[in-house]
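Q: Could you take me through this structure one feature at a time, giving the general idea before the particular case?

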Amino acid sequence: MVEEILANLYKIEIPLPRNPLKSLNSYLIKNDRNLIIDTGWDQKECLDAMQAGLTQLRVDLKITDFFITHLHADHLGLLSRLATETSTVYFNQPEAERIKTLGRWDDFIDFARKNGFPENELQAALHSHPGFKYGLKKDMSFHIVKEGDRIEIGNYSFECIETPGHTRGHICLYEPNKKILAAGDHILDDITPTIQLWSDDWDPLREYLNSLEEIRQLDIELVLPGHRGIIKNCRERIGELKEHHERRLEEIVSILRRGTQNAFEVASQMSWDVIYEAWDAFPISQKWFATGEAISHLKYLQEEERIERRPENRKIVFSLKKADTNHSM
Ligand SMILES: [Zn+2]
C-alpha cells in the first residue's frame with residue numbers, strides 16, 4: 001500500500017504477518033537518486049509488498065540508496081534483497097559492528113538464562129525471534145553516519161540525530177526546513193517502542209528518555225514513524241511516552257515489594273497490553289520481549305540506587321533498597 005505524504009515522499013506499508021506490530025512503514029524519497037528509509041523483514045510477504053510499491057512508484061533500484069534507522073530485522077532484514085552494487089547504505093557504527101559479531105545469539109541466550117528465562121524455552125525463544133528468522137543474511141558494506149551528518153536528496157536535507165534507547169545505535173532523520181522527523185522506532189503512536197536490555201553494559205531506558213528530550217527540543221510538525229500512523233503532536237506523544245515509563249518503573253518497585261525476584265518473575269507480574277489473559281498463555285516471543293523490557297527498567301532502577309542486584313544460584317535477582325521497602329505499608 002502506497003501513500004504520498006509530501007511532495008516526492010511516499011510511505012510504503014510492508015506487512016509483518018503474525019506479528020503484533022502489524023506492518024512496517026518504509027519511506028521513499030524520489031529524486032534522480034532515490035532514498036529508501038527502512039525495509040522490512042527478509043521474508044516473502046515483505047519482499048512482495050515492497051516490490052509492488054516500487055513498481056507502482058516506478059522506482060529503479062539501480063539508482064536507489066538506503067538509510068536504516070536501526071538493526072532490528074523489520075527495518076534492516078530485507079536490505080540485502082534490495083540494495084544493488086551502486087547503492088549507498090547509510091547506517092550507524094555500533095550496529096554495523098554488532099551484526100558482524102559471531103556468537104551474538106549465544107550471548108543473548110546466556111543473559112536470558114541468568115535473568116530467569118526458563119531453560120527449556122530458551123531455544124524455542126531464539127528460533128521464534130524475528131532477528132534470528134528474518135534478519136540480514138549476508139554481509140553488507142555500509143556508509144557510516146553519525147550525529148550531525150547530512151543526507152541531501154532533492155529538496156530534502158536530512159540531518160542525522162542519534163537517538164539511542166530502543167537500540168544502541170538508533171538514528172532519526174530530521175528535516176528542519178520541512179519540520180519532519182523520520183523516527184524509526186524512537187517515537188510511535190498507539191503502541192510504545194519497546195526498550196529492552198540484553199547485555200549488561202548500558203542503561204537503555206536512561207538513554208531513551210534523554211533521546212526523547214533531545215527530540216522534544218526540535219521544531220517538528222510531522223513524525224514519520226517506523227510503525228502505525230503518522231504523528232502530528234510530537235511533543236504531546238513524547239510526554240505520554242515518558243509518563244508510560246515512569247508508571248512502569250513504579251509498577252516494578254511495587255512488584256519488588258513482594259520480595260526478591262529475577263527479571264523473568266518480575267515480567268510475569270507486570271501489566272501488558274496483550275490479548276492473553278495469563279502470563280502462561282503468552283507466546284514465547286512475547287515473554288522474551290517482556291523480560292527484556294523488565295530488565296531495562298530494573299537496570300534503570302539499579303542505577304538510580306532504588307534497587308539492588310545480586311547473583312543467587314547462578315541467576316541475577318533484584319530487591320528493593322531499604323528506603324523503598326519502608327514506604328510499602
Ligand atoms: Zn525496532
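A: Let us begin with a term that will return throughout: a residue is called buried when its relative accessible area is under 20%, exposed when it is over 50%, and partly exposed in between, using a 1.4 Å probe and protein chains only. Histidine 70, with a relative accessible area of 0%, is therefore buried. Please keep in mind that this is a predicted model, in which local features need pLDDT of at least 70 and side-chain atom pairs count only at pLDDT 80 or more, while totals for chains, interfaces and linings use all residues. Residues are numbered from 1 along each chain as its sequence is written, and side-chain values use heavy atoms, with hydrogens and water left out.

Q: How should I read the overall form of the protein chain, and which radius of gyration does it have?
A: The radius of gyration is taken over C-alpha atoms, and the globule rule is 2.2 Å times the number of residues to the power 0.38. For 329 residues that rule leads one to expect a value near 20 Å for a compact globule, and the protein chain, at 20 Å, agrees with it. Along the principal axes, its C-alpha atoms fill a box of roughly 65 × 40 × 35 Å, and 54% of the 329 residues are buried.

Q: How many helices and strands does the protein chain have?
A: Helices (H or I, at least four residues) and strands (E, at least two) are DSSP runs, numbered from the N terminus. By that reading the protein chain has twelve helices and 14 strands. Contact means heavy atoms within 4.5 Å, and of the contacts in the protein chain with a separation of 6 or more, 63% are between residues 24 or more positions apart.

Q: Which residues are the protein donors of the zinc ion?
A: Donors are N, O and S atoms within 2.8 Å of the metal (3.2 Å for Na, K and Ca), and sites may look incomplete, since water is not among the atoms. Here the zinc ion has His70 (NE2), His72 (ND1), His166 (NE2) and Asp185 (OD) as its protein donors, at 2.1 to 2.3 Å. Their spacing in sequence is H-x1-H-x93-H-x18-D.

Q: What is the geometry of the site of the zinc ion?
A: Four donors count as tetrahedral if all angles lie between 85 and 135 degrees; four count as square planar and six as octahedral if opposite donors are over 155 degrees apart and all others between 65 and 115; anything else is irregular. The four donor atoms of the zinc ion make angles of 84 to 169°, and the site is irregular.

Q: How many disulfides does the structure hold, and why is there no bond at cysteine 160?
A: A disulfide is a pair of cysteine sulfur atoms within 2.5 Å, and the structure holds zero of them. The closest cysteine sulfur to that of cysteine 160 belongs to cysteine 172 and is 10.0 Å away, too far for a bond. For cysteine 234 the closest cysteine sulfur is likewise in cysteine 172, at 9.3 Å, which is too far for a bond. Cysteine 160 is buried at 0% relative accessibility, and cysteine 234 is buried at 5%.

Q: Is leucine 122 buried or exposed, by its relative accessible area?
A: Leucine 122, found in helix H6 (residues 122-128), is buried, with a relative accessible area of 2%. Leaving aside neighbours within four places in sequence, leucine 122 is in contact with Ile109, Ala112, Arg113, Phe117 and Trp288.

Q: Where does lysine 22 lie?
A: Lysine 22 lies in the loop between strand E2 (9-15) and strand E3 (23-29) and counts as exposed at 55% relative accessibility.

Q: What is phi of asparagine 8?
A: Phi of asparagine 8 is near 65°, a positive value in a residue other than glycine, and asparagine 8 is partly exposed, with a relative accessible area of 36%. Arginine 58, also not a glycine, has a positive phi of about 50°; at 71% relative accessibility, arginine 58 counts as exposed.
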